[in-house]
Amino acid sequence: MQLGMIGLGRMGASMVPRLLRDGHACVVHDVQSSAVADLDKDRATGTESLKQMVSQLGRPRAIWLMVRKKAFCTAARMGPDTSSRWSTTASSTA
């Protein structure tokens with residue numbers, strides 16, 4: 001199964017290696033590029049933007065969100081195209 005993981009903090013970053021070990025393909029994204037790079041080394045497919053992440057996922061798409069509630073709610077209020085504003089919002093609420 002292919003799975004997208006958004007949010008590579010304490011929980012997301014520990015779940016991806018387990019999913020990979022169990023034979024799943026993971027496409028990952030985080031506002032911290034270092035978190036993406038670390039999992040990219042472990043055979044996950046790292047992406048730089050949400051748009052790129054969606055393009056890497058086959059249909060039907062399954063995406064797991066592992067973000068803080070406040071960061072997610074703030075980004076959701078900003079509208080559908082928050083890729084440039086998301087990193088600022090997420091880092092200010094971390």
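Which backbone oxygen lies 3.4 Å from a polar atom of the side chain of His29? I looked this up in a predicted model. The oxygen belongs to Thr47, and the separation is 3.4 Å.

**Entry on His29.** I placed His29 in strand E2, which covers residues 25-29. I then checked its accessibility: the value is 5%, and because buried means under 20%, His29 counts as buried. I listed its contacts, leaving aside neighbours within four places in sequence. Met5, Ile6, Gly7 and Leu8 are among them, and so is Val36. The list also includes Thr47, Glu48, Ser49, Leu50 and Met53.

**Entry on helix H2.** I went on to Val36, which lies in helix H2 (residues 33-40) and is buried there along with Ala35 and Leu39. Viewed down the axis of H2, the buried residues fall within an arc of 100°, so they line one face of the helix. An α-helix has 3.6 residues a turn, so residues three or four places apart point the same way. I noted what the buried residues of H2 pack against: helix H1 (10-21), strand E3 (45-46) and E2. E2 is the strand that holds His29.

I looked next at Val54, in helix H3 (residues 50-56). Its relative accessibility is 32%, so Val54 counts as partly exposed. Val54 forms a nonpolar surface patch with Ile63 and Leu65. I recorded about 220 Å² of accessible area for the three together.

Technical notes
Residues are numbered from 1 along each chain as its sequence is written. This is a predicted model: local features need pLDDT of at least 70, side-chain atom pairs count only at pLDDT 80 or more; totals for chains, interfaces and linings use all residues. Side-chain values use heavy atoms; hydrogens and water are left out. Helices (H or I, at least four residues) and strands (E, at least two) are DSSP runs, numbered from the N terminus. Buried means under 20% relative accessible area, exposed over 50%, partly exposed in between (1.4 Å probe, protein chains only). A polar contact is a pair of N or O atoms within 3.5 Å; within protein, one must be able to donate a hydrogen and the other to accept it, and residues adjacent in sequence count only if both atoms are side-chain atoms. Contact means heavy atoms within 4.5 Å. Patches are made of residues with over 30% relative accessible area and no salt bridge: like charges are joined within 9 Å, nonpolar side chains (Val, Leu, Ile, Met, Phe, Trp, Tyr) within 5 Å. Accessible areas come from the Shrake-Rupley method with a 1.4 Å probe; for residues, only the protein chains shown count as cover. A salt bridge is a side-chain nitrogen of Lys or Arg within 4 Å of a carboxyl oxygen of Asp or Glu. The arc is that of the directions from the helix axis to the C-beta atoms.
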